[in-house]
Amino acid sequence: MIFDEILSLHNGKKIPKLGLGTWFIKDGEAAEAVRSAVKIGYRHIDTAQTYRNERGVGEGLLSCGLGREEIFVTSKVAAEHKSYEAAMESIDGTLEKMGLSYLDLMIIHSPQPWTEVNQSEYRYEKENREVWRALEEAYESGKVKAIGVSNFLEKDLENILETARIKPMVNQILCHAGNTPLALIDFCKKQDIVVEAYSPIAHGEALKNKVLCEMAEKYKVTVAQLCIRYDWQLDTVVLPKTTSPLRMKENAEIDFTISKEDMDLLIHLEKIKDYGEFGRFPVYGGKLEKK
């Protein structure tokens, strides 16, 4: 069964291979979304300080009817927190806001503050090492059971690896058909870092792609199911986002196999360049103005 599929982090911690992403789920809707996902079978919930829904996600976790140890919960240190003190304070704030005694995974959301992404060559090497030190201490104290990063390129990972006492266990990255960073995925695998794929459906843009639509019809699945299965066969943890119980159920119905030939086609699919209204966000190539 899909929900029973897990990957092992290098510290032995087990992580469910399919999770619920919660970006753009409002705080007031997050609790019900989490309860619905858990009822369907999801055992992995992903949030972040920047999503501004940690309180709602925590409420959903505490009211879903399962024990805390049965759900894998991730949050992310906001990209703007680039000091040891700010990172540690934010981790404590997340635990308090969510009403939890520990997190299963805490990661650095971005190597640069969002207003610097796509605008600055400065990669915050020293600062990220300080944030990583905070994560290491949170891990050693039991506040978090695993630690990792997000949106880190190879050079960002190498910077952490040079001084880390505990190397990253996860790198959560944008990865979907039409945007597959193969070199980065390969580097992570060689370092025993599990790759998590967010936006597997390209924030909806994949649904408009002719090649994906025709291939989905061939396999008699939805485009979303095809995209999720694609990331699944890349051996990544996949994090589709939705508030719809129907979509949650459909997203988990990926018990089919994409052929090697079709996987190769999807790996080399023409890059999606326009993410529509979401293209303004840095993860999709946009620029945020400094306030």
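In this predicted model, the lining of the second largest pocket divides by class into 15 nonpolar, 8 polar and 3 charged residues. These residues, 26 in total, surround a space whose centre has Asn118, Asn151, Leu153, Pro282 and Val283 as the nearest lining members. The volume of this second largest pocket comes to about 560 Å³.

The largest pocket, for its part, holds about 1,200 Å³ of space. Its lining is made up of 42 residues, and those nearest the centre are Trp23, Phe24, Tyr51, His203 and Phe281. Sorted by class, this lining contains 17 nonpolar, 16 polar and 9 charged residues.

The largest nonpolar core numbers 95 residues, and the members touching the most others are Leu18, Leu61, Leu212 and Leu226. The largest share of this core, 7 residues, is supplied by α8, which spans residues 223–233. In general, nonpolar side chains of soluble globular proteins tend to be buried together.

Once neighbours within four places in sequence are set aside, Leu212 is in contact with Ala177, Ala206, Val223, Leu226, Cys227, Leu266 and Leu269. Among these partners is Leu226, itself one of the core residues that touch the most other members.

Key. Residues numbered from 1 in each chain as written. Predicted model: local features only at pLDDT ≥ 70, side-chain atom pairs only at ≥ 80, totals over all residues. Heavy atoms only, no water. Core = buried A, V, L, I, M, F, W, Y, C linked by side-chain atoms within 4.5 Å. Buried < 20%, exposed > 50% of the residue type's maximum accessible area, 1.4 Å probe, protein only. Helix = DSSP H or I, 4+ residues; strand = E, 2+ residues; numbered from the N terminus. Contact = heavy atoms within 4.5 Å. 1 Å grid on protein atoms, 1.4 Å probe; cavity = no way out; pocket = protein on both sides within 12 Å on 5 of 7 lines; lining within 4 Å. Points joined across faces, edges and corners; volume = space filled by probe spheres on them. Nonpolar A, V, L, I, M, F, W, Y, C, P; charged D, E, K, R; others polar.
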